[in-house]
Amino acid sequence: MSSSQISLDGQAGIGVISDTHGLLRPSALTALRGSDFIIHAGDVGRPGVLEGLRTIAPVIAVRGNVDYGGWADALPMSAVLSLGGHDLHILHILADIGRDPKASGFAAVIYGHSHKPDITETDGVVYFNPGSAGPRRFKLPVTVGRLSIKDGRVTPELLPIEA
């Protein structure tokens with residue numbers, strides 16, 4: 001499994017997006033504007049999505065199960081982002097994590113795949129799925145997210161966007 005590691009200052013505003021499936025909505029760009037960095041949690045769909053996100057901020061993206069071909073081969077399967085002394089594990093499919101996040105010292109796990117936005121905390125680890133910003137699936141909302149450090153903790157927020 002390939003991985004990537006990046007460190008950012010704790011004051012950075014982090015935009016989080018997933019499951020675009022080749023569609024970069026103007027409303028997603030608007031919601032992510034002002035981010036110092038953007039995480040894409042997989043199922044990018046086409047390289048133009050990453051190019052569009054890079055017009056806002058630097059991007060780290062992981063490969064999802066629909067990402068294939070030369071451009072996608074360059075994406076790691078997982079990444080670790082250090083944000084203000086907190087390590088975030090990023091991958092597409094949560095079940096593929098392959099390690100205990102708490103024992104590994106992760107403050108948060110960022111993932112996608114299900115298209116269901118979710119914020120859960122288990123054993124002191126925040127699990128954050130920003131949902132899907134791509135084509136609507138079933139009756140699920142279209143969302144992106146934001147991460148910040150508040151009171152020494154990683155704090156996720158879901159942002160509904162126009163479909």
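Buried residues are those with under 20% relative accessible area, exposed residues have over 50%, and partly exposed residues lie in between (1.4 Å probe, protein chains only). The views show a predicted model, in which local features need pLDDT of at least 70, side-chain atom pairs count only at pLDDT 80 or more, and totals for chains, interfaces and linings use all residues. Residues are numbered from 1 along each chain as its sequence is written, and side-chain values use heavy atoms, with hydrogens and water left out.

View A. Helices (H or I, at least four residues) and strands (E, at least two) are DSSP runs, numbered from the N terminus. Ala 41 is buried, at a relative accessible area of 0%. Beyond residues up to four places away in sequence, Ala 41 touches Ile 17, Ser 18, Val 62, Leu 91, His 92, Ile 110, Tyr 111 and Gly 112 (contact: heavy atoms within 4.5 Å).

**View B. The largest nonpolar core, of 21 residues.** Such a core is a set of buried Ala, Val, Leu, Ile, Met, Phe, Trp, Tyr and Cys residues joined through side-chain atoms within 4.5 Å. Ile 17, Ile 38, Leu 53 and Val 144 touch the most other members. Two or more residues each come from helix H1 (26-32), helix H2 (47-53) and strand E4 (59-61); H1 gives the most, with four.

**View C. Ala 163, in the segment after strand E11 (153-160).** Ala 163 is exposed, with a relative accessible area of 60%. Leaving aside neighbours within four places in sequence, Ala 163 is in contact with Arg 25, Arg 136 and Val 142.
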